[in-house]
Amino acid sequence: MSTLSSLPLRPIRSNFSPPPVSSLPSPFICRCTSSTSPPPHSDGFIGFLDDEEEEAAAAGEEEEEEDEEELYEDDDLDLEALESEAKDAVRSYSTSLSRQLTIEDETDDLKGFKGKQKRRKGATKTIPDHLLPKVTIVGRPNVGKSALFNRLVGGNRAIVVDEPGVTRDRLYGRSFWGDHEFVVVDTGGVLNVSKSQANVMEDLAISTTIGMDGISLLSREAAVARMPSMIERQATAAVEEASVIIFLVDGQAGLTAADVEIADWLRKSYSSKYIVLAVNKCESPRKGVMQASEFWSLGFSPIPISALSGTGTGELLDLVCSGLKKTEDVENMDEEENYVPSIAIVGRPNVGKSSILNSLLGEDRTIVSPISGTTRDAIDTEFVGPDGQKFRLIDTAGIRRRASVASSGSTTEALSVNRAFRAIRRSDVVALVIEAMACITEQDTRIAERIEKEGKGCLIVVNKWDTIPNKNQQTATYYEQDVREKMRMLDWAPIVYSTAITGQSVEKVIVAASTVEKERARRLSTAILNQVIREAIAFKPPPRTRGGKRGRVYYCTQ
């Protein structure tokens with residue numbers, strides 16, 4: 001083609017008009033550069049070439065053809081090598097993916113959850129959570145801590161909304177990278193103490209009106225003033241128990257005064273721990289290096305990542321695992337029970353659900369405040385009862401009426417209520433908490449109907465029993481009659497009276513939940529079931545078919 005381009009073109013005087021390109025056969029286009037024979041309708045061009053130029057052009061095309069054949073042979077060799085490498089890469093990725101799918105994740109189906117635990121017991125050893133090293137994520141509000149938590153543990157455990165102050169309590173989740181298995185801890189945003197009360201309310205998205213009608217203005221202001229210190233106390237507890245700390249900053253917002261204060265706090269108080277500085281929201285790898293460059297002044301080596309797309313999280317996990325010690329096999333792991341029943345604590349806002357959890361655990365596991373909607377995520381916590389029985393306690397957000405949630409326009413509250421319903425679905429026993437003075441409200445009845453619809457075991461906890469005035473021996477009896485009358489769908493559920501703030505009768509919640517779980521898991525013999533079926537058939541026989549025959553029940557078994 002280079003020879004043809006260098007020749008002078010002469011005018012062609014002919015009545016020939018070439019057909020359009022679309023009407024030509026496909027070989028006309030693909031053979032014009034690889035075949036030595038002239039293409040159709042090219043005789044006119046060849047006629048203008050001299051013999052010497054024709055031979056030179058043919059020789060050049062032959063050389064190009066030989067070079068192309070050698071190149072194709074080399075490409076065949078490269079293709080075989082690439083194919084072999086691709087097979088190895090697919091095999092290794094498939095192995096890593098199958099291992100990744102074995103991470104314990106949330107499931108809405110109880111049978112699938114139990115079956116997964118039983119299969120895991122026969123296949124691999126599961127190390128208890130309290131023996132695994134912990135990796136804590138800290139930073140100021142709205143830098144993407146919950147998004148990174150969801151990325152590391154898999155799934156959608158933490159609530160992620162584009163507004164500050166969504167996460168308040170500690171949230172735990174299992175994860176692994178390579179041969180290392182660890183627990184990731186999500187924390188609330190740490191604020192600098194120099195902020196005013198108005199700025200604190202804006203940063204934490206605190207409302208002093210929704211669900212706080214019966215609370216005085218002075219109590220509201222006091223609760224708002226205590227909220228930042230409570231969130232920081234939870235973050236401090238998570239940092240103290242961590243082996244590795246991920247200090248997360250916002251690459252798009254740049255370096256702020258709050259980042260400098262948190263870096264000084266970590267450097268002064270926790271210099272003995274392994275700290276990794278991660279610059280989030282760096283979706284572009286090229287711009288990520290520039291965005292992370294200004295964070296060198298914090299005294300740590302920044303690494304650009306994107307929790308949303310997963311960019312850079314592999315390098316981040318490599319650094320995290322370099323600061324972890326590999327967990328050794330525990331000898332008595334096989335002796336531990338594999339199945340742990342779950343108890344979900346649900347109810348309306350401000351009825352004392354978090355106070356009951358803290359009283360049972362004997363520590364401030366969750367934040368307790370008169371501010372409505374303080375708890376947002378579903379908080380899972382392991383608990384050992386007085387008889388050594390293990391439970392998984394799930395603290396949930398307060399469930400308001402659907403119309404109230406819709407009218408508030410809060411996406412966070414809607415997601416919190418959704419998490420509460422999911423906690424009911426994945427639990428074994430549900431502790432429905434009601435307020436003693438309010439007794440049974442319409443919303444309590446709707447929550448009870450949801451529990452009964454899901455087919456879960458249930459107990460009713462009457463909290464704030466100390467607020468009932470002039471109690472006597474008949475007070476509890478009359479109160480129980482009122483509860484049974486208004487909650488007929490749960491007339492079989494045991495009732496526990498407690499005061500979570502003082503810890504009075506809180507331990508009875510676990511005793512009643514254990515009884516409900518044992519009764520729920522009780523297996524009935526075939527003889528008892530057949531007797532029940534016979535009595536039911538005698539009371540109401542099966543309907544007749546069109547031929548006049550009745551259906552017959554031969555036997556029943558569980």
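Good morning, colleagues. The structure before you is a predicted model, and I shall discuss two parts of it.

I begin with Ser175. This residue is found in strand β2, which covers residues 171-177. Is Ser175 buried or exposed? Its relative accessible area is 3%, and because buried means under 20%, Ser175 counts as buried. The side chain of Ser175 reaches the backbone oxygen of Leu152 at 2.7 Å. Beyond its neighbours within four places in sequence, Ser175 also has Val153, His180, Glu181, Phe182 and Val184 in contact, together with Leu152.

I turn now to a sheet. Six strands form an open sheet with mixed pairing, in the order β8-β9-β7-β10-β11-β12. Which strands lie at the edges? They are β8, residues 379-384, and β12, residues 495-497, and each of them pairs on one side only. On average, neighbouring strands of this sheet are turned by 25° against each other, direction ignored.

In general, strands of a sheet pair through backbone hydrogen bonds, in either a parallel or an antiparallel manner. Here, strand β7 (residues 342-347) and strand β9 (residues 390-395) run parallel and are joined by 4 bridges. Ala344, for example, has Ile394 in β9 as its bridge partner.

Finally, helix α12, residues 353-361, packs on the sheet. This helix touches β7, β8, β9, β10 (429-435) and β11 (457-463). The direction of α12 makes about 150° with that of β9. Thank you for your attention.

Key: Residues numbered from 1 in each chain as written. Predicted model: local features only at pLDDT ≥ 70, side-chain atom pairs only at ≥ 80, totals over all residues. Heavy atoms only, no water. Helix = DSSP H or I, 4+ residues; strand = E, 2+ residues; numbered from the N terminus. Buried < 20%, exposed > 50% of the residue type's maximum accessible area, 1.4 Å probe, protein only. Polar contact = N/O pair within 3.5 Å; in protein donor to acceptor, adjacent residues only side chain to side chain. Contact = heavy atoms within 4.5 Å. Pairing = 2+ DSSP bridges. Axes fitted to C-alpha atoms, helices over the stretch in contact; angles between N-to-C directions.
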